[in-house]
Amino acid sequence: MTEKINTTENTEIKDFILKKGQNPYSDKVFFQKKFEKAEAILSESLLPDDPNFEENLSTSKQIDSISSIGLLIKNTRLERNITQEALAQKLNVEKALIVDLEKNPQSATMAFLVKVFQVLNAKITFDVILQP
Amino acid sequence: MSLERYQLEAYEDLMTFEFISKGPKGEIQKIIVFSKFEKRNYYNLAFGDKIEGSNDFDDETVSNNDDYQKILATVAKAVLIFTDKNKDAWIIATGSTKSRTRLYQIAISKNLLELQTYFDIYGYKDKKWIKFEKNMAYEAFLVKRK
């Protein structure tokens with residue numbers, strides 16, 4: 001049995017036919033390969049509703065505290081498609097140090113931070129803006 | 001949306017839609033399925049042809065019924081209906097082949113202005129989601145109702 005309905009106040013969405021009863025396909029798995037492909041993409045990428053997505057879209061990034069440098073390193077690393085392990089190898093350090101650096105960069109030396117960005121092939125600049 | 005489309009039939013949960021493609025190859029029953037991922041409010045969008053004599057559907061068959069624009073417009077309308085009920089849903093779509101993904105990209109590009117009145121649209125390229133732009137090749141698409 002079917003019923004013609006209009007589910008919305010938006011007149012741009014025209015009516016469609018609503019089938020009565022439970023969806024017989026609700027437990028059926030269709031298009032499994034496509035589902036798995038999409039799931040893999042979602043799990044490997046920063047998503048538009050992730051809190052730092054917008055900032056990652058930008059090529060110029062500003063930081064407002066020393067702790068933001070960790071996020072900046074993480075985002076730059078992800079943009080370069082480099083794992084924490086691979087970055088650690090390039091820097092000849094343990095992976096745990098990179099994990100820690102991205103969370104708590106406060107104790108890292110300036111020389112090491114510069115080296116990290118060099119390895120990520122990213123240019124860093126400092127702007128000193130005098131406050132009025 | 002102004003494009004010509006097929007009449008959609010939907011089940012009450014709005015997770016499955018059906019329609020019939022009509023063309024030189026005759027009538028082909030189509031299905032559009034939204035499947036929820038565990039991840040937050042993300043849904044997979046897939047559609048395909050009914051396999052004759054069974055209750056199964058196939059998303060790899062190229063039915064060539066000379067109506068792909070009408071089919072894609074019908075799928076877009078299903079997304080519109082689905083997101084009218086699930087306004088916070090993110091819908092991801094991937095093509096089953098490179099050429100089909102390119103077909104989706106061309107169809108989105110052609111109707112970008114109209115689609116952007118309803119949706120924020122992103123394309124997936126080099127392992128990153130970026131705002132959809134014309135003339136760019138993407139591996140997948142993500143939309144959310146505005």
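Let's start with chain A, which has six helices and two strands. Walk along chain A from the N terminus and the elements come in the order β-β-α-α-α-α-α-α. Keep in mind as you look around that this is a predicted model. For the complex, the predictor gives an ipTM of 0.83 and a pTM of 0.67.

How much of chain A is tucked away? Of its 132 residues, 34% are buried. Taking the contacts in chain A with a separation of 6 or more, 37% are between residues 24 or more positions apart.

Two asparagines in chain A deserve a stop. A:Asn81 sits in the loop between helix 3 (68-79) and helix 4 (84-91) of chain A. Its backbone has a positive phi of about 55°, although A:Asn81 is not a glycine. Is A:Asn81 buried, partly exposed or exposed? With a relative accessible area of 44%, A:Asn81 is partly exposed, because that value falls between the 20% and 50% cut-offs. The other one is A:Asn121, found in the segment after helix 6 (110-119) of chain A. A:Asn121 is not a glycine either, and its phi is positive at about 55°. A:Asn121 has a relative accessible area of 60%, so it counts as exposed, the label for values over 50%.

Now hop over to chain B, where you'll find three helices and nine strands. From the N terminus on, chain B reads β-β-β-β-β-α-β-α-α-β-β-β. The average pLDDT of chain B is 87, and 99% of its residues score at least 70. Buried residues account for 53% of the 146 residues here. As for contacts in chain B between residues at least 6 apart in sequence, 54% join residues at least 24 apart.

What might you expect of buried residues? In soluble globular proteins, nonpolar side chains tend to be buried together. Here, the largest nonpolar core holds 36 residues, and the members that touch the most others are B:Phe17, B:Ile32, B:Phe34 and B:Ile91. The largest share of this core comes from helix 1 (residues 68-85) of chain B, which supplies eight residues. Apart from this core lies another one, of 15 residues, and among them are A:Ala38, B:Tyr42, B:Tyr122 and B:Tyr124.

Setting aside neighbours within four places in sequence, B:Ile91 is in contact with B:Phe34, B:Tyr43, B:Leu45, B:Val79, B:Phe82, B:Thr83, B:Phe141, B:Leu142 and B:Val143.

Which residues does B:Ala73 touch, leaving aside neighbours within four places in sequence? The partners are B:Leu3, B:Glu4 and B:Arg5. B:Arg5 is 68 residues away along the chain, yet its C-alpha and that of B:Ala73 are separated by 5.7 Å.

Is B:Lys144 buried or exposed? Its relative accessibility is 18%, so B:Lys144 counts as buried. Not counting residues up to four places away in sequence, B:Lys144 touches B:Lys87, B:Asp88, B:Ala89, B:Trp90, B:Tyr118, B:Phe119 and B:Asp120. With B:Phe119, the gap is 25 residues in sequence and 5.3 Å in space, C-alpha to C-alpha.

Note on methods. Residues numbered from 1 in each chain as written. Chains lettered and ligands numbered in written order. Predicted model: local features only at pLDDT ≥ 70, side-chain atom pairs only at ≥ 80, totals over all residues. Heavy atoms only, no water. Core = buried A, V, L, I, M, F, W, Y, C linked by side-chain atoms within 4.5 Å. Buried < 20%, exposed > 50% of the residue type's maximum accessible area, 1.4 Å probe, protein only. Helix = DSSP H or I, 4+ residues; strand = E, 2+ residues; numbered from the N terminus. Contact = heavy atoms within 4.5 Å. pLDDT = per-residue confidence, 0-100.
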